[in-house]
Amino acid sequence: MAERKSNPAFLNGVPEMLILQLLSRHAMHGYEIVQAIKAGSNDELEFGEGCIYPILHRLESEGLLTATKELASGRTRVVYRCTRRGKARLAKSISNWRRIADAVNLSLEGGGHVRSALA
Amino acid sequence: MSVQRWLEEVRTGCRRRRLPSAYVERLVGELSDHLTDLMEDTMSMEAFERPSTLLGSASEIVAAASSEYRRRRFSGRHPWLAFVIAPTLSLPILWAGSLSLLIFGAKALGFASESPTATAETSHWATQMLPFAVFGTLILPIVVAAVAFCLLAVKTAVSRRWMLACCLILAIVGGAANSSVSLPSPGTKGSVAFGFGVSLPPSPQQIAQFLLPLLIGCWMLHVGQGTVASESGIRSAP
């Protein structure tokens with residue numbers, strides 16, 4: 001099997017939003033986050049699962065998440081929780097994402113007008 | 001590739017990128033936990049035998065860790081500002097401060113330009129010390145700036161070239177600076193002159209001003225690796 005490569009678009013702000021969204025619902029450890037993203041996107045979002053940890057560490061250093069060592073499923077794991085600041089960032093990220101997605105959709109739908117105007 | 005070799009590649013790659021040891025160990029620990037979870041979930045040894053197929057290649061994880069670690073700080077997100085523009089601007093500001101301190105000190109000793117009140121003994125002593133004091137006002141800001149920016153580069157874990165570029169800028173700007181101060185005496189006014197220029201051959205002071213930031217940079221590159229404590233200390237659950 002070929003080595004799995006990250007989807008560059010996925011690594012550009014989207015993982016932050018997905019992680020914050022999942023953790024705003026309930027606390028999870030890294031493996032649970034990855035599985036939840038895969039299940040939630042019907043495996044459409046392909047990425048190296050290990051790349052989630054550096055993102056989690058940065059979000060923690062920015063005060064958007066907290067990390068605690070807890071006993072989960074018989075092992076001590078690092079469990080992440082979304083902070084109040086993280087929830088505020090999530091709301092902003094979702095709003096930005098919707099604005100951009102709407103703009104892209106609008107642009108795709110209006111592409112024909114541009115072509116006809118140039119013709 | 002076996003899991004141990006893969007984890008060791010991640011560890012070595014992160015250290016090569018000058019990421020702090022505590023941060024690297026935490027990352028490796030969590031990756032190891034992730035692999036164990038995968039194995040338990042899938043009831044297969046594939047994750048342990050070929051971890052890169054599921055978690056990403058070691059180089060990919062090292063690149064992500066390095067990039068995310070740098071993004072934590074302003075200096076990591078904007079290295080041109082932090083390690084090129086800021087050092088260039090910082091030296092004139094620091095020199096202005098150190099020269100002001102020198103003038104303030106001279107005035108406190110009774111060398112006010114308008115009416116010097118220093119005794120002959122103080123005047124003799126001050127005249128002897130003046131070249132050292134002037135050299136100090138030039139060299140100390142260079143040393144302070146070099147150490148501060150090198151520490152910032154180590155903390156941010158930016159590429160070595162930023163630290164070297166910063167030290168080279170400090171060496172060039174610092175090495176070109178020269179200053180002269182004369183103390184006032186009855187009948188003559190004191191003066192302070194500051195400028196840039198290199199005489200040929202350069203003076204020993206200017207050679208020292210040029211070499212010192214480069215030496216500090218090389219020394220920090222040598223000792224700076226892995227000495228920064230991780231900022232992502234994990235708390236234990238109560």
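For helix packing, axes are lines fitted to C-alpha atoms over the stretch in contact, and angles run from 0 to 180 degrees between N-to-C directions. Two packed helices are described by the angle between their axes and the distance between the axes. The structure under discussion is a predicted model.

Helix H8 (residues 120–156) of chain B and helix H10 (residues 204–223) of chain B have axes that come within 9 Å and cross at roughly 20 degrees. Angles under 35 degrees count as roughly parallel, and H8(B) and H10(B) are therefore roughly parallel to each other. The crossing of H8(B) past H10(B) is right-handed. On the H8(B) side, the contact involves B:Phe135, B:Leu138, B:Ile139, B:Ile142, B:Val143, B:Ala146, B:Val147, B:Cys150, B:Leu151 and B:Val154. On the H10(B) side, the contributing residues are B:Gln205, B:Ala208, B:Gln209, B:Leu212, B:Pro213, B:Ile216, B:Gly217 and B:Met220.

H8(B) also packs against helix H9 (residues 160–176) of chain B, where the axes come within 9 Å and cross at roughly 170 degrees. Because angles over 145 degrees count as roughly antiparallel, H8(B) is roughly antiparallel to H9(B). Here H8(B) contributes B:Ile142, B:Ala145, B:Ala146, B:Phe149, B:Cys150, B:Ala153 and B:Val154. Their partners in H9(B) are B:Met163, B:Cys166, B:Cys167, B:Leu170 and B:Gly174. B:Ile142, B:Ala146, B:Cys150 and B:Val154 of H8(B) take part in the contact with H10(B) as well as in the contact with H9(B).

An unreviewed UniProt entry assigns the label "transmembrane region" to residues 80–109, 129–154 and 161–181 of chain B. Over residues 129–154 of chain B, the chain is 100% helix and 0% strand, with 36 Å between the end C-alpha atoms. The span 161–181 of chain B is 76% helix and 24% strand, and its end C-alpha atoms lie 37 Å apart.

The C-alpha atom of B:Ile93 is 9.0 Å from that of B:Pro141, although the two residues are 48 apart along the chain.

Most residues other than glycine have a negative phi. B:Arg18 is not a glycine, yet it has a positive phi of about 65 degrees. B:Arg18 sits in the loop between helix H1 (3–16) and helix H2 (21–42) of chain B, and its relative accessible area of 4% makes it buried.

Viewed as a whole, chain B contains 10 helices and 3 strands, in the order α-α-α-α-α-α-α-α-α-β-β-α-β along the sequence. Of its 238 residues, 42% count as buried. Among contacts in chain B with a separation of 6 or more, 73% join residues 24 or more positions apart. Chain B exposes about 12300 Å², of which carbon and sulfur atoms supply 67%.

Chain A has 5 helices and 3 strands, and from the N terminus its elements run α-β-α-α-β-β-α-α. Buried residues make up 43% of its 119 residues. In chain A, residues 24 or more positions apart account for 52% of the contacts with a separation of 6 or more. The accessible surface of chain A is about 6700 Å², with 54% belonging to carbon and sulfur atoms.

A:Ile19 lies in helix H1 (residues 14–25) of chain A and, at 0% relative accessibility, counts as buried. Leaving aside neighbours within four places in sequence, the contacts of A:Ile19 are A:Ile33, A:Ile37, A:Ile52, A:Ile55, A:Leu56, A:Leu59 and A:Leu65. Its C-alpha atom is separated by 9.7 Å from that of A:Gly30, 11 residues away along the chain.

Methods:
Residues numbered from 1 in each chain as written. Chains lettered and ligands numbered in written order. Predicted model: local features only at pLDDT ≥ 70, side-chain atom pairs only at ≥ 80, totals over all residues. Heavy atoms only, no water. UniProt positions renumbered as here; feature names shortened; annotations may be inferred. Helix = DSSP H or I, 4+ residues; strand = E, 2+ residues; numbered from the N terminus. Buried < 20%, exposed > 50% of the residue type's maximum accessible area, 1.4 Å probe, protein only. Contact = heavy atoms within 4.5 Å. Areas by Shrake-Rupley, 256 points an atom, 1.4 Å probe, with all protein chains shown as cover. Parallel < 35°, antiparallel > 145°, perpendicular 65-115°, else oblique. Left-handed = near helix turned anticlockwise from the far one by under 90°.
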